[in-house]
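Time to look a few things up and jot down what turns up.

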Amino acid sequence: MDGATAVFMPAQAEVEEIWPRDGRILIRGTVAGGDSWEAGTLVVRDRESRGRELRLPATGADSRFEASIGLDELAAACSGPEQTWDLYLKLPGRAEVLRLGRHLDDIAGKKKIFTYPAQAVAGMWIEPYYTVKDNLSVVCRREAS
């Protein structure tokens, strides 16, 4: 190997597309460093409350995945004036969940670069966004009365 060192890269859920519209947030991406699979779970986890989460179906083919968050269901799970949900992908046969994000495109600081429209649902504004670590999250904010 010419003195080269092999580097192990753990699997990660790499987001490629985000489509917030029509009362849903559609997410498409790839699992980098993972095996092929057909069905998994999108885990939408409340950042502030350990164990509080929504589990939604995710489909896969080869290394690609697609999942959708229905905003009515997410709005019903929101209890405070503002709530942040972090997104993960659970693959069959794996104990750990993979944090959804975008890290392999050489664009750092997506929080300040990429913005997505908020959608009004049940008295809330719901908006996907990239965190300071380029992971994908969703924030729910109650409309001012």
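First thing I wondered: is Tyr 116 buried or exposed? I looked it up, and Tyr 116 is buried, because its relative accessible area is 17%. For the record, buried means under 20% relative accessible area, exposed means over 50%, and partly exposed is in between, using a 1.4 Å probe and protein chains only.

Ground rules before I go on. This is a predicted model, where local features need pLDDT of at least 70, side-chain atom pairs count only at pLDDT 80 or more, and totals for chains, interfaces and linings use all residues. Residues are numbered from 1 along each chain as its sequence is written, and side-chain values use heavy atoms, with hydrogens and water left out.

**Entry: rings**

I stayed with Tyr 116 and searched for ring partners. Rings of Phe, Tyr and Trp (its six-membered ring) pair if their centres lie within 6.5 Å; planes under 30 degrees apart are stacked, over 60 edge-to-face, and the rest tilted. That rule gives two aromatic pairs. In one of them, Tyr 116 and Tyr 130 have ring centres 6.3 Å apart and planes at 55°, so I noted the pair as tilted. Tyr 116 lies in the loop between α2 (110–113) and β8 (119–121), and Tyr 130 in strand β9 (residues 124–130), so the pair ties together parts that are 14 residues apart in sequence. Helices (H or I, at least four residues) and strands (E, at least two) are DSSP runs, numbered from the N terminus. Tyr 130 counts as buried because its relative accessibility is 2%. Ring pairs also bring in Phe 114, which forms a cluster with Tyr 116 and Tyr 130.

Next I checked Tyr 88 for charges. A charge sits over a ring if NZ of Lys or CZ of Arg is within 6 Å of the ring centre and within 35 degrees of the ring normal. Arg 45 lies over the face of Tyr 88, 4.7 Å from the ring centre. The charged end of Arg 99 sits over the ring of Tyr 88 too, at 5.2 Å from its centre.

**Entry: strand β2**

Which strands pair with β2? Two strands pair if DSSP finds at least two bridges between them. Strand β1 (residues 12–21) runs antiparallel to β2, and nine bridges join them. Strand β5 (residues 64–70) pairs with β2 over seven bridges, again in the antiparallel sense. I found Ala 13 opposite Val 31 in β2, and Arg 28 opposite Glu 66 in β5. Strand β2 (residues 24–32) is mostly covered, with seven of its nine residues buried.

Then I looked at the turn. The hairpin of β1 and β2 has two residues between the strands, and Asp 22 there takes a positive phi near 55°. Asp 22 counts as exposed because its relative accessibility is 72%. Gly 23 lies in that loop between β1 and β2 and is partly exposed at 28%. Contact means heavy atoms within 4.5 Å. Leaving aside neighbours within four places in sequence, Gly 23 is in contact with Ile 69, Gly 70, Leu 71 and Gln 119.

Ala 122 lies in the loop between β8 and β9 and is exposed, with a relative accessible area of 64%.

**Entry: the core**

A nonpolar core is a set of buried Ala, Val, Leu, Ile, Met, Phe, Trp, Tyr and Cys residues joined through side-chain atoms within 4.5 Å. The largest one has 35 residues, and Ile 69, Leu 100 and Ile 126 touch the most other members. Helix α1 (residues 71–77) gives the largest share of this core, four residues.

**Entry: salt bridges**

How many salt bridges does a search of the whole structure find? I got 14, where a salt bridge is a side-chain nitrogen of Lys or Arg within 4 Å of a carboxyl oxygen of Asp or Glu. Glu 17 and Arg 28 meet in one of them (3.3 Å, N to O). Glu 17 lies in strand β1 and Arg 28 in strand β2, so this pair ties together parts that are 11 residues apart in sequence. Asp 105 and Lys 110 meet at 3.1 Å, N to O. Lys 110 is buried, with a relative accessible area of 0%. A network of salt bridges links Arg 102, Asp 105, Lys 110 and Asp 134.
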